[in-house]
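Subject: The two-chain model, and some notes to go with it

Hello,

Here is the structure I promised to pass on to you. Please open it next to this email, so that you can look up each place as you read.

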Amino acid sequence: MTAATAAPVRQRTPRATGAVPLNATRLLWIELRRNAMPWILPLIAALFWFDSYRPSTGTVPLYALRTYWNMGQGHTIVDFGPFVAGVAAWMGSRDGRRGLADLVTATARPRWAARLATWAATAIWAVAAYLVFVGVMFAWYAHQGVGGSPPWWWVAVGATAVTAFSAAGFAIGAYWPSRFAAPVAAFGGFLAMAMSSQTGFNYASGWALILPTNSNGTFDQADSGIFYPWPPDLPIARIMFLAGIAAAALGLTGLPARAGGPWLRRAAAIVTLTGVASVAIGVGLADTARLSAHGMVIPALHDAANDARITYTPACGRAAGVPVCLNPAYRRWLPDVNAALAPVLAEVAGLPGTPVRATQVAAAYSSSAGGPQAITLGGQPPVLRLSLGSFDLPGPCGFCDRPVATKQFADQVRLGFAQAFVGAGNGSGSPAQQAVLAALLRGAGIPFAAQPGLMAAKNGPGPPPAAATGPVYAAAQRLTTLPAAARHAWLAAHLAALRAGQLTLKELP
Amino acid sequence: MNVDITGLTRRFGRTQAVAGVSLEAGAGVFGLLGPNGAGKTSLLRMMATVLPPTSGRLRLLGRDPGSYGPRREIRRRLGYLPQNLGYYPGFTAAEFVEYFALLKEMPPGEVPRAVAAAIEHVGLGDKARAKLRTLSGGMLRRAGIAQAIVNEPELLLLDEPTAGLDPEQRVAFRALLRDLGQRATVIVSTHLVEDVGAACTEVALMDAGRIVFHGTPDELTARGEGTGAAGDAPLERGYSAVLAAARSSTAVA
């Protein structure tokens, strides 16, 4: 059957299309104004405060420790990721869900390009919110006088993770335009973060370092951002990994026949493959990461410039007449350090090898149990080197059962000093060294009965401390009962042999 | 011809929605009538380039929509109102129309004026800033019509455009159709034969995927005279008579 009308066809001038970028900008503006993401931001803000900010306030006011939970263990990402994925899926499924698929398909702008505008608006809201929330948190830290410098590279990782969640969620919504796409994507995001956390806790090296919730070797107990810059190696690998996920997910949305023309679909395929390659390279790089003194280093990405020390003007005081200088990030603990060192420095004043000054050094990451010695004594003239980053500092601890008391901190510093002074290193030393150490601590106000507990606390979990009895404490008791001048004279005469481990208990007075 | 269709067929599995339809249309308002399931919507979707034909030849605005480049050119010059129009509840009426103007890749400088004109054409001027979720069904339909005409299309495809419009709006819409038909090919799929009588210069009646009548509304009216076919209006009686004749001849065959 044929039907026809004979009216002439009107000829029109082809439309101008050179201003497509302007159109795209206007399209993005409309998408930004009418995006669903702002509606979920108050909920994310509440969760962010509860889960990322609030727990961090109970930690030591140093960026490396304040951000251990929210950046190192990725709780800022956990707070954002599932919601962002859900809202992005909601936006990605919008045309199908709203019955507009035919209408938008019948327009000239390639479907993929139009979808990218919707996704970009969603991602811009999410990433901007992430940066604002983190920025406010860091500003508040600065207001609280938190020491050190913020881990900006890890903020970049978080922003990229939010982008990846938005892209993955959007792809789910685009491929499955159902009202259930959003909750499924959100739950998937939550599951991904839960698995990332579980795996991250179990692997301190290897491919699992790529996971955005794995804090091993990148935060905790060290002076990242205080003495040395935050090493960017692992963040760069994670950014490659997460950006790859985002690219692959967005590329996938451009593959269906409806998405656009052959060139555009080829471009989408290339974007997808590039994303997959970026993911693979990121994982491969993370697998080569090794723990250095300053954090995780990836040889292929490492820049020696990041090993350069951060220059600073120290904050100084005096303990028993000995100058004590700390990094200004630790300024608030200078009185505590002085008070901790004063009794032990007074005990050894005038002896050979007594430090002429005390200075703070950077804490170092270590893969061995116990880590490096927190206090060392050496050089000519002798200098006491304090690695305060290895101590639980007075105040809120965050990862301890209760806040650290000033006396608890002082006792640990005195123990560390005495160990360094008698040459016992990080261990218990020879019996003679143990006896002198016990006598020094006793002289500094730590009774014998408390010393086994102090040693046990320093060594970490283990069997309960033994009683302060036996030949070591008997010798220590003899030493403390000597007149101060006699004890001092004996130490002056035997200190070198004691440090060399050449004295026996019987040789003690 | 703006629309040049030869032997167009579309199957959905074992169901043949459109069965070898041939059609040519230039400028003017072309009415597509038919009962539910006749294949009108499938035919319109193929003309809107969103549904590829199973077989047959389809040329729109002198181009082959089977190739991407020409298809994109057609889409720049196309206006389409689907039967079940969805909408973005959070958009204002003006934003909704502007959004589609941008998707149709209109020159940016023309968009604000074109959006305002389209909104005015459908009588939504006072609701331009209202969110779509706050509009009535009829107003939403008018917003849908506005997005279809915003780019001054050379080919305008309207699937049940007057559904939900009140009588006053329907009269105004018919006037708009006649005006648009001066410059473009307007194909209107509808159940409402009075729309066809008032606005269309040509009409085709579809049944079971085929065109069973093509002519002017007057010719369709004439088919019903003296047949005793059901219907309150002359055009309805013509509609019923043509359908009855088509079905009886199919049954005999």
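A word on the ground rules. This is a predicted model, in which local features need pLDDT of at least 70 and side-chain atom pairs count only at pLDDT 80 or more, while totals for chains, interfaces and linings use all residues. Residues are numbered from 1 along each chain as its sequence is written, and chains are lettered from A and ligands numbered from 1 in the order in which they are written.

**The chains**

Chain A has 17 helices and eight strands; helices (H or I, at least four residues) and strands (E, at least two) are DSSP runs, numbered from the N terminus. Its C-alpha trace spans about 125 × 40 × 40 Å along the principal axes. The radius of gyration of chain A is 31 Å, whereas a compact globule of 509 residues would have one near 23 Å. That radius is taken over C-alpha atoms, and the globule rule is 2.2 Å times the number of residues to the power 0.38.

In chain B there are nine helices and nine strands, and its C-alpha atoms fill a box of roughly 60 × 40 × 35 Å along the principal axes. Here the radius of gyration, 18 Å, agrees with the value near 18 Å for a compact globule of 253 residues.

How much of each chain is buried? For chain A the share is 50% of the 509 residues, and for chain B it is 55% of the 253 residues. A residue is buried if 20 or more other C-beta atoms lie within 10 Å of its own, exposed if 12 or fewer, and partly exposed in between, with C-beta atoms placed from the backbone.

Two residues are in contact if their C-beta atoms, placed from the backbone, lie within 7 Å. Among the contacts in chain A with a separation of 6 or more, 74% are between residues 24 or more positions apart; in chain B, the corresponding share is 64%.

**Where the chains meet**

The contact between the chains takes 36 residues from chain A and 48 residues from chain B. On the side of chain A, the elements that give two or more residues are strand S1 (2-4), helix H1 (20-33) and helix H6 (101-105). H1(A) provides the largest share, six residues. By class, this side of chain A has 20 nonpolar, eight polar and eight charged residues. Ala, Val, Leu, Ile, Met, Phe, Trp, Tyr, Cys and Pro count as nonpolar, Asp, Glu, Lys and Arg as charged, and the others, Gly among them, as polar.

**The core**

A nonpolar core is a set of buried Ala, Val, Leu, Ile, Met, Phe, Trp, Tyr and Cys residues joined through C-beta atoms within 7 Å. The largest one has 236 residues, and those touching the most other members include Ala167(A), Ile245(A) and Val97(B). Leaving out residues up to four places away in sequence, Ala167(A) touches Trp119(A), Ile245(A), Ala246(A), Ala249(A) and Leu250(A).

**A sheet in chain A**

Five strands of chain A form an open sheet with mixed pairing, in the order S4-S5-S6-S8-S7; two strands pair if DSSP finds at least two bridges between them. S4 and S7 of chain A are the edge strands, each pairing on one side only. S5(A) and strand S6 (residues 357-360) of chain A pair in the parallel sense over two bridges. The bridge partner of Val324(A) in S6(A) is Ala358(A).

**Local details**

Ala320(A) is not a glycine, yet its phi is positive, about 50 degrees. Ala320(A) sits in the loop between strand S4 (315-319) and strand S5 (322-326) of chain A, and is partly exposed, with 16 other C-beta atoms within 10 Å.

Pro381(A) lies in the loop between strand S7 (375-378) and strand S8 (383-386) of chain A. A cis peptide bond, with omega about 0 degrees, joins Gln380(A) and Pro381(A).

In chain B, which residues of H3(B) are buried? Eleven of the eleven are, so H3(B) is largely enclosed by the rest of the structure; among them are Phe96(B), Val97(B) and Tyr99(B). Just after H3(B), Glu105(B) takes a positive phi of about 60 degrees. Glu105(B) counts as buried, with 23 C-beta neighbours inside 10 Å.

Happy exploring!
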